[in-house]
Amino acid sequence: MPLQALYDQLLALRLPAFREALREQQSNPQYAELSFEDRLALLVDHECAQRRENRIRRNIHSAAFPMQAALEDLDFSPARGLDRRTILELGLCNWISSRHNLLVLGPTGSGKTFIACAFGTA
C-alpha cells in the first residue's frame, strides 16, 4: 500500500494524531531500532494523548468560565494571605479523584472566582 493511501485512511478513520506521529517515526531513524509493537504503542499513545487534550480543551470551552485563569497567574503576595503550598497542592486536583468537595471562602474582592476558575470548577 502506498504511504499516501495509508495517510488518507488514517484521516478517514479520524486518527490525525496517529498519522502525524507515524510521519514523525518515518522521518526519524531512531525509531527503526524499536520493535513493531513498541512503535505501534507509541503511535496509539500519541493518539490517545491528543484526544485527551482535545477533550479537555473542548470541555473548558463549553464550560464558558467567566474568565480565563491559571494558577501560574495567581498573586501570592503576603498581603493576599494565600498559602502557596496549599493552593498549589489543591491545583493538583487530587481532591476530585478522592471525591471531596472544595469550598472557596473569603471576602468580596479576594479572588475567589479567579481561584475557582484556575481550578476549573467555576
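Start with the contacts across the whole chain. In this predicted model, consider the contacts in the protein with a separation of 6 or more: 48% of them come from residues 24 or more positions apart.

Next, colour by secondary structure. The elements run α-α-α-α-α-α.

How far does the trace span along its principal axes? The answer is about 65 × 30 × 25 Å. Compare that with the radius of gyration. The protein has 21 Å, while a compact globule of 122 residues would have a value near 14 Å.

The accessible surface of the protein comes to about 9,300 Å². Carbon and sulfur atoms hold 55% of that area. Of the 122 residues, 20% count as buried.

Select the charged residues. The protein carries 14 positive and 14 negative charges. Their mean positions are 8 Å apart.

Now select helix α2, residues 16-27. Pick out R19, which lies in this helix. Is R19 buried or exposed? R19 counts as buried, because its relative accessibility is 12% and the cut-off for buried is under 20%.

Stay on R19 and show what surrounds this residue. Which residues does R19 contact, leaving aside its neighbours within four places in sequence? Select Y7, L10 and L11: R19 is in contact with these residues.

Notes: Residues are numbered from 1 along each chain as its sequence is written. This is a predicted model: local features need pLDDT of at least 70, side-chain atom pairs count only at pLDDT 80 or more; totals for chains, interfaces and linings use all residues. Side-chain values use heavy atoms; hydrogens and water are left out. Helices (H or I, at least four residues) and strands (E, at least two) are DSSP runs, numbered from the N terminus. The radius of gyration is taken over C-alpha atoms; the globule rule is 2.2 Å times the number of residues to the power 0.38. Buried means under 20% relative accessible area, exposed over 50%, partly exposed in between (1.4 Å probe, protein chains only). Contact means heavy atoms within 4.5 Å. Accessible areas come from the Shrake-Rupley method with a 1.4 Å probe; for residues, only the protein chains shown count as cover. Lys and Arg count as positive and Asp and Glu as negative; His and the chain ends are not counted. The place of a charge is taken as NZ of Lys, CZ of Arg, CG of Asp or CD of Glu.
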